[in-house]
Amino acid sequence: MTPPTRSIEDLRAEVDQINRELLKLLSQRGAVVAQIGHAKTQEGRPNHYDPAREDQQLKELEALNEGPFTSAAVKMIFKEIFKASLDLEESNDKKQLLVSRKVKVEDTVLDIDGVRIGGDAPPVVIAGPCSIESEAQMEQTAAFLAARGVKILRGGAYKPRTSPYGFQGMGVDGLILGSQVAQANGMLFVTEVMDTRDVEIVAEHADILQVGARNMHNFALLREVGRARRPVLLKRGLSATIEEWLYAAEYILSEGNPEVILCERGIRTYEKWTRNTLDLSAVALAKQETHLPVIVDVTHAAGRRDLLIPLAKAALAVGADGIHVEVHPSPATALSDNEQQLDFEGYERFIGALQGQLKQPVGV
Ligand SMILES: O=C(O)C(=O)C[C@]1(C(=O)O)C=C[C@@H](O)C=C1
């Protein structure tokens, strides 16, 4: 065996020097890749991952590889570089999102005719029936809730039902009824808009436009409500990741409407004992990553009345800016969501249990 002509120390010094050069090259590569990422964002390409481009680079590197590393090893190293590059592109991209706290540090506080939502405002309660069904039903509910300090009345005029044969809502008559009853009781009116063609008429009658979970990925609708001059309550999609939810909000802000309230309403999981699984980490994360108000729809979160109080308590404990809950004078005869809506007595118990956390008088 021929003795090594150079000492380990000497060789290590050379390795250190190569490391420094590799790092310099990696940083140079990162800077160029960041520019590619920026260009992709400018072009409106939300997905920066490009497997074909990665493949092309790997093939070229394989062809050029003279060893001593195997092609598999070279590929593995470069795949890590692509992954880090992609992370870099996407994190730079995120920094520029209008919803991001990196762009706007302070909380967005909505002030809708004197009702403040988000930031240092006390948590709001949004309550009302699932569907607008009749004058009597709306009047009774609004009077009951208004007397208990609720400032925002909900009620669906267009109902996205699982079955096309289910009750589909009262449409424009429902909008008129909901807004009149809310106004008569000194409340704001929030209702869902499902179709781009209805945004104008819904915005005419509602104080807040709701985009429902099933429409969170309806980008045409998101753009349209982004152009409306009304605040938007954006529910998280049934199977949407937090990132997808925030991008949906970004669609609205990017059209010039900064008044977005995020609403976590439970996501679809393998769990069968609850209708959905309330994702509280999404609430905490959305509050951390964005400056927007975040509320929790406890009614849909679990799909069962017996969990409403603990879920609402937990939501407020992680920092939710409000609670959305369905209330109906007679849930058993309601035309939708019988299992989930609270009757008036149930609402009293519910709100009583939250009194300490709501930081505001809720009783009469
Ligand atoms: O070339 C691109 O499109 C890039 O975004 C750069 C890059 C890379 O690091 O080479 C990064 C991620 C993509 O999946 C493909 C390639």
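**Confidence, loops and helix packing**

Trainee: What does the protein average in pLDDT?
Mentor: The average is 94, and 97% of the residues score at least 70. pLDDT is the predictor's confidence in each residue, from 0 to 100. This is a predicted model: local features need pLDDT of at least 70, side-chain atom pairs count only at pLDDT 80 or more, and totals for chains, interfaces and linings use all residues. Residues are numbered from 1 along each chain as its sequence is written.

Trainee: And what ipTM and pTM does the predictor give the complex?
Mentor: An ipTM of 0.96 and a pTM of 0.76.

Trainee: Where is His-48 found?
Mentor: His-48 is in the loop between α1 (8–42) and α2 (51–64). Helices (H or I, at least four residues) and strands (E, at least two) are DSSP runs, numbered from the N terminus.

Trainee: Which residues is His-48 in contact with, leaving aside neighbours within four places in sequence?
Mentor: Gly-37, Lys-40, Leu-86, Glu-89 and Glu-90. Contact means that the C-beta atoms of two residues, placed from the backbone, lie within 7 Å.

Trainee: Other loops. Which residues does the cis peptide bond join?
Mentor: Gly-67 and Pro-68, with omega about 5°. Pro-68 lies in the loop between α2 and α3 (71–95).

Trainee: What about phi of Asp-113?
Mentor: Phi there is near 45°, a positive value in a residue other than glycine. Asp-113 sits in the loop between β1 (110–112) and β2 (115–117).

Trainee: Is Asp-113 buried or exposed?
Mentor: Exposed, because Asp-113 has 9 C-beta neighbours inside 10 Å.

Trainee: Now the helices. How do α4 and α5 pack?
Mentor: Helix α4 (residues 135–147) and helix α5 (residues 172–184) are at an angle of about 30°, with their axes 10 Å apart. Axes are lines fitted to C-alpha atoms, for helices over the stretch in contact, and angles run from 0 to 180 degrees between N-to-C directions. The two helices α4 and α5 are therefore roughly parallel to each other. Angles under 35 degrees count as roughly parallel, over 145 as roughly antiparallel, 65 to 115 as roughly perpendicular and the rest as oblique.

Trainee: Which residues meet there?
Mentor: Glu-135, Met-138, Glu-139 and Ala-142 in α4 meet Leu-177, Gly-178, Val-181 and Ala-182 in α5. The residues of that contact divide into five nonpolar, one polar and two charged. Ala, Val, Leu, Ile, Met, Phe, Trp, Tyr, Cys and Pro count as nonpolar, Asp, Glu, Lys and Arg as charged, and the others, Gly among them, as polar.

Trainee: And at what angle do α7 and α8 pack?
Mentor: About 40°, between helix α7 (residues 219–227) and helix α8 (residues 242–254), with their axes 7 Å apart. That makes α7 oblique to α8. By class, their contact has seven nonpolar, two polar and one charged residues.

Trainee: Which residues of α7 take part?
Mentor: Phe-219, Leu-222, Arg-223, Val-225 and Gly-226. They meet Ala-248, Tyr-251, Ile-252, Leu-253 and Ser-254 in α8.

Conventions. A residue is buried if 20 or more other C-beta atoms lie within 10 Å of its own, exposed if 12 or fewer, and partly exposed in between; C-beta atoms are placed from the backbone.
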